[in-house]
Structure formats: structure tokens, C-alpha cells
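Have the sequence and the structure open side by side.

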Amino acid sequence: MEFSTKDHTVIISKLPNEASDLSEQLLKHKEQWYDYNVILVAQDCTLTAPSIAHAIESVVESRQSEVKSFVLVDSVERLGQYAEELTAAPTLEEAFDLIEMEEIERDLGF
């Protein structure tokens, strides 16, 4: 996995191709993303959408409880396979836009 920080957001890319490895690696490197909004780039990952969703479920829940955003970036073809509750976008730019909108909503008390 690769972690990079831009402003108040951590971008996680180069995901492992096993669901258990994805979950383990996210938890193992929690200190690198915990205090930030998270964008997980899954476009090059060979896991199925349901496997990815299951592997990141606890991370998504932790972001919500910490009042931080979590956005999954994946191919347009796979976006429809994720639950509506999971914030997802087809590009990194759109992911940043979604985080900005969520932060505005939080600031306004929504």
C-alpha cells in the first residue's frame, strides 16, 4: 500500500489483491490515516466490489464516528456495485470535491 497526504486527506493506493490483506494493512497502518479524511483508490485492485466493501467496512464506520470523510475511488463500471451508503467517485478530483462538500455539511450542522 502507498500513503500520500494532501492537505487534510490521506490517499491510499496500490492496494493488495486479497481482501484479508487489505483489511489487515489498513489496520496495521492506522496511524498514517486515522486523523485525516481518507480516499481509497481501488481502480487497479483486482478484488471484487463486494470484497472491497467488506474489507473496508470497519474503516468507513470509524471515519463516520470520528467525523471524517471516507471516499472510495473506483472504475465507473464497478461504482454501481457498492452500497449507496458508501461514498464513491470515479476520479480522484471528484473524491476531493465530495470531501469538501461533506466538510461544508458538517460545518453547517447537517
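E93 sits in helix α4, which covers residues 92-108; helices are DSSP runs of H or I with at least four residues, numbered from the N terminus. This is a predicted model, with pLDDT of at least 70 needed for local features and 80 or more for side-chain atom pairs, while totals for chains, interfaces and linings use all residues. Numbering runs from 1 along each chain as its sequence is written, and side-chain values use heavy atoms, leaving out hydrogens and water.

**Surface patches**
- E93 counts as exposed because its relative accessibility is 56% (exposed is over 50%, buried under 20%, partly exposed in between, with a 1.4 Å probe and protein chains only).
- Together with E94, D97 and E100, E93 forms a negative surface patch (patch residues have over 30% relative accessible area and no salt bridge; like charges are joined within 9 Å, nonpolar side chains within 5 Å; a salt bridge puts a side-chain nitrogen of Lys or Arg within 4 Å of a carboxyl oxygen of Asp or Glu).
- I104, also found in helix α4, is partly exposed at 44%.

**Buried polar side chains**
- R78 belongs to helix α3, residues 76-79, and is buried at 15% relative accessible area.
- A polar atom of the R78 side chain lies 3.0 Å from the backbone oxygen of A42.
- S69, in the loop between α2 (49-65) and β4 (70-73), is buried at 1%.

Note on methods
Areas by Shrake-Rupley, 256 points an atom, 1.4 Å probe, with all protein chains shown as cover. Lys, Arg positive; Asp, Glu negative; His and termini not counted. Charge placed at Lys NZ, Arg CZ, Asp CG, Glu CD. Helix = DSSP H or I, 4+ residues; strand = E, 2+ residues; numbered from the N terminus. Polar contact = N/O pair within 3.5 Å; in protein donor to acceptor, adjacent residues only side chain to side chain.
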